[in-house]
Amino acid sequence: MSARSVFFLNLCVFLGFAFAQVQQQLLNKLVCIEHQECGACLSAAAHCRWCADPYYSSAAPRCNDDESLVSTGCSQGMIQRPEKPIWQVAENVSLQDMQPGNHEAVVQIQPQRIKLSLKPRETQKIKFAYRPAKNYPLDLYYLMDLTWSMKDDKETLVSLRDDLPALLKNLTDNFRLGFGSFAEKPLMPYISVDPRRLANPCSVEEEACEATYSYRHHLSLTNKVNEFIEHVNSSSVTANLDNAEAQLEALVQAIACGAEVGWSAQSRKIVILLTDGLMHTAGDGKLGGATLRNDESCHLNEDGYYSEAGIYDYPSIAQVYRLLDTYKVNVIFAVTESVKYHYDNLHRLLEDYTYVARLESDSSNILKLVRTGYEDIVSVVDFEDNSGSGPVKVKYFTDCGVKGGSMVAATRCVGVEYGMTLNYEAHVSLDSCPEYKKMSQTIKISESQLGQDSLTLEVEIQCGCECEGDLQKDISLTCPFNSHIVCGVCQCNKGWSGPSCDCSIEDEAASAQLMAQCREANSTHSMACSGAGDCVCGECRCDRGFNGRFCQCKACELSLENGMECGGVERGVCACGQCACAPGWSGDACDCSDAIDACLPPGSELECSGHGRCVCGQCQCSAAEEDGGKYTGVFCETCATCENPLCASAEPCVLCHLNSSCTDICTIGSVNYTVGERMNEPVIADESETSCILRRDEEGLECEYRYTYYAGAKAMIAMEIVMRSKECYQPTSARIMTSALVIMACVVAAGVVVIMAIKSAQIVSDRRAYAKFVQEAQESRKNMQELNPLYISPISEFRMPESFPRDKHD
């Protein structure tokens, strides 16, 4: 190639690069200059600045980059810049189990308080840990159906005087017991109004019992088990007419009457509800005249009875759920087999806070149900937050306490045990500014079953400017009527719009002059707001999917990776329908990284193993040299006729794991591996996983281990290995010998079978011939023939006819 050709080639490359640079600079300027308010300007991109000088030239854009604003006469002191990001762990107490005599010292979530800031299209990742504390306090309230059919069950509960404390001690050292009972609303048609049966509902059974009541609180929560048994023993049964009781009404009172029941602020609250009847729900109370909607409040008289049963209706299931969620109370429905189906349906609606178990007819298995229900409740950890009321959204990822496990998108973990540490990662994001002004949002992240321990996020939403306050009252700038100065420009008061702030927003009649403000100058589009919005008092309100001062720009592409416009604030900005990507990013949505780190196989510096090129953080493999097939794998490391080098490099860590001689992380050279097991689980087809086989001898058998590997998702981990299956066989030589012996045995057996078949056929044939001979001999005897039936006698006989005259002589 000549020197002139080289020169022109270099010149073309330089001009192309310069053109790309100029185009990028124009896009960056376009992102800024269309904004007319300070908050919208600073939120547009990191390089956008706002000139708050009220005497700044009206011809030049107030929103631009630093260099452009200074060159057009804006002083450095009047330039508004984006606020510095905030990140501060304000409270970070270590995880602590329950200390004897000090219930307030328990810490189950760490950290406890974080202060941070968010800009539009920005996501912050918050890492926190949760560990269930040992001996966490338990408040267990027995809510028992004391209608006549449950009489035996009460006596069974009394008989558990010694076994009950032993059971609770196995669950936690800090427990308290309470007792309440329920029956039915003392209203017709639920009870008889006959005076004799009204005073003694059990008179038909010829026994005395207490008058019917809806709910009664007998004993507040206490750690004295004997006192609990005595109150259960002294309680009296009652009766009603139907097979449905006031379970939900009693449950509402037991939850709402926190002071009377004695619920602790720092405890796990469980109500065990024992019944063999159906339940009344909202609307049923109107039959008896209780027409008012249940107010979810406590109404207990001095004797502990629910005093407003005749006024308020039964609660709805939605009301019960709301109370369980507010007070963080769990319910174990211990019910008999005949009604369990109904409570299973109720559990589906209250799944987060209830557990249903089958109760024997005499409640003999009540202790088992308490233990099983408690273990089922405490083994579930689920996080929730109150971010729904603001613009900030939270998404959760967790490893559910599995060592070496990958973080998956979930809030709920099951099978959690005491002492198990669950690692969570909360992705806190702000898609866009609801208003261009300074604001904040406090988010409380807490475990849904308890709610006492929480992580509080104090989020400062950086959508405004410092100049939005009263810092410029002394500036003598004349603004039109119905307006005030904000960040150097006159801004209309609320309810007014237009260039002179003389257009009432409530008055939608727009003049020709205001309509002209909604048309882009020198534009070929004649419609206001480019036909993609409405012109209201000289300002365009764009339809969804369009933006810009005149709605002339389409919305930019959203990244498939994080759902953010142009990949988020760190990757690029939207410049009138086109993404202006930050250095290191490319693609329509700036979701293509120029870095090749993800394309470098572990322990190698060759991009895509030298068999492909890195495109958007992923290897695009080339064709194999020998047979023309393609290289495959995440790093183009193998082909149909190639040996996979990554399988070979991973084998030492697999052997180390099988021999239990390495820690959670296995290091070979400078490469870190993790090895986990998911034996016999179905493998989901995934291009990021590649299958390998390891064979080794174990106890005289040849074992074949199948495992997959994929690029590490955690920091400092280059490859994650997952064991999938194990199959063991006899060694190859033994298999060949065994196969030969089996074949020989089969041949011999087949010959024996053939010989036996021929011999059997001969025997059958002979037997048939002999049987035929015997049959013919028997036939001969029947005809009085003793000779051989084949023998023909030589003697012949002639008989004279009977008609011949025998008395005549010649």
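Which residues make a nonpolar surface patch of about 340 Å²? Met737, Leu741 and Met744 do.

## About the model

This is a predicted model, in which local features need pLDDT of at least 70, side-chain atom pairs count only at pLDDT 80 or more, and totals for chains, interfaces and linings use all residues. Residues are numbered from 1 along each chain as its sequence is written, and side-chain values use heavy atoms, with hydrogens and water left out.

## The nonpolar patch

Let's return to the opening patch. Patches are built from residues with over 30% relative accessible area and no salt bridge; like charges are joined within 9 Å, and nonpolar side chains (Val, Leu, Ile, Met, Phe, Trp, Tyr) within 5 Å. Accessible areas come from the Shrake-Rupley method with a 1.4 Å probe, and for residues only the protein chains shown count as cover.

Met737 sits in helix H15 (residues 732-782). Helices (H or I, at least four residues) and strands (E, at least two) are DSSP runs, numbered from the N terminus. Met737 counts as exposed because its relative accessibility is 52%; the cut-offs are under 20% relative accessible area for buried, over 50% for exposed, and partly exposed in between (1.4 Å probe, protein chains only).

## Salt bridges

Side chains of opposite charge can pair when their charged atoms come close. The whole structure holds 20 salt bridges, each a side-chain nitrogen of Lys or Arg within 4 Å of a carboxyl oxygen of Asp or Glu.

One of them joins Lys185 and Glu249 at 2.5 Å, N to O. This pair links distant parts of the chain, 64 residues apart: Lys185 lies in the loop between strand S9 (175-182) and helix H6 (195-199), and Glu249 in helix H8. Both Lys185 and Glu249 are buried.

Glu704 pairs with Arg695 (3.1 Å, N to O) and also with Arg706, where the closest N and O atoms are 3.3 Å apart. Glu704 is buried, at 12% relative accessible area, whereas Arg695 is exposed at 52% and Arg706 is partly exposed at 36%.

## Helix packing

Helix H8 (residues 247-256) and helix H10 (residues 317-327) have axes that come within 10 Å and cross at roughly 25 degrees. H8 is therefore roughly parallel to H10, a word used for angles under 35 degrees, with over 145 counting as roughly antiparallel, 65 to 115 as roughly perpendicular and the rest as oblique. Axes are lines fitted to C-alpha atoms, for helices over the stretch in contact, and angles run from 0 to 180 degrees between N-to-C directions.
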